[in-house]
Amino acid sequence: MPIGHIEHANLSVTQPERSAQLFKDLLGWQERWRGQSQFGGETIHVGEPETGGGYIALYTNESVKGDYSKGQPLNHVGLQVDDLAAAEAVVAGAGLAPFGHDDYDPGRRFYFFDWDGIEFEVVSYAGAES
């Protein structure tokens, strides 16, 4: 059976620059590409520094409103970090409100909504048994 991984997720956001900077600060990611989308609009790809790692495409055009409701169509995007406290400081420093702090096997986590109403879960397995 083949084994795979998520290569990327494409999110529609109102301000790709702002969203890209959050992921750079929060996850140590870098910009991997930016340009015109195939069907109009602009896209910025930010992701893991090493070649072949996953990334998030941040797309916008004149019709992106950013007024999403939780779970419609996306429940949340999970992000893994080593230092949960440092990650929370980045999120709060960006003017966003962390919530839903949980500590259960196998890791600790919190959630936040970005400026467009997209929910993210930030989880750390540091110190968790493998």
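These legends walk you through a few views of one predicted protein chain. Residues are numbered from 1 along the chain as its sequence is written, and side-chain values use heavy atoms, with hydrogens and water left out. Because this is a predicted model, local features need pLDDT of at least 70 and side-chain atom pairs count only at pLDDT 80 or more, while totals for chains, interfaces and linings use all residues.

View 1. Helices (H or I, at least four residues) and strands (E, at least two) are DSSP runs, numbered from the N terminus. Along its principal axes, the C-alpha trace spans about 45 × 35 × 25 Å.

**View 2. The largest nonpolar core holds 24 residues.** Such a core is a set of buried Ala, Val, Leu, Ile, Met, Phe, Trp, Tyr and Cys residues joined through side-chain atoms within 4.5 Å. Buried means under 20% relative accessible area, exposed over 50%, and partly exposed in between (1.4 Å probe, protein chains only). Look for F23 and F112, which have the most contacts inside this core. The elements giving two or more residues to the core include β3 (42-47), α2 (84-93) and β7 (107-113). Helix α1 gives the most, with 5 residues. Across the chain's 130 residues, 38% count as buried.

**View 3. Here are the surroundings of F112.** Leaving aside neighbours within four places in sequence, F112 is in contact (heavy atoms within 4.5 Å) with L22, L26, V91, L96, A97, P98, F99, I118, E119, F120 and V122. In the chain overall, residues 24 or more positions apart account for 48% of the contacts with a separation of 6 or more.

**View 4. Now turn to F113, in strand β7.** Is F113 buried or partly exposed? F113 is partly exposed, with a relative accessible area of 31%. Not counting residues up to four places away in sequence, F113 touches K70, L96, F99, I118 and E119. Also find H76: F113 and H76 are 37 residues apart in sequence and 9.0 Å apart in space, C-alpha to C-alpha.
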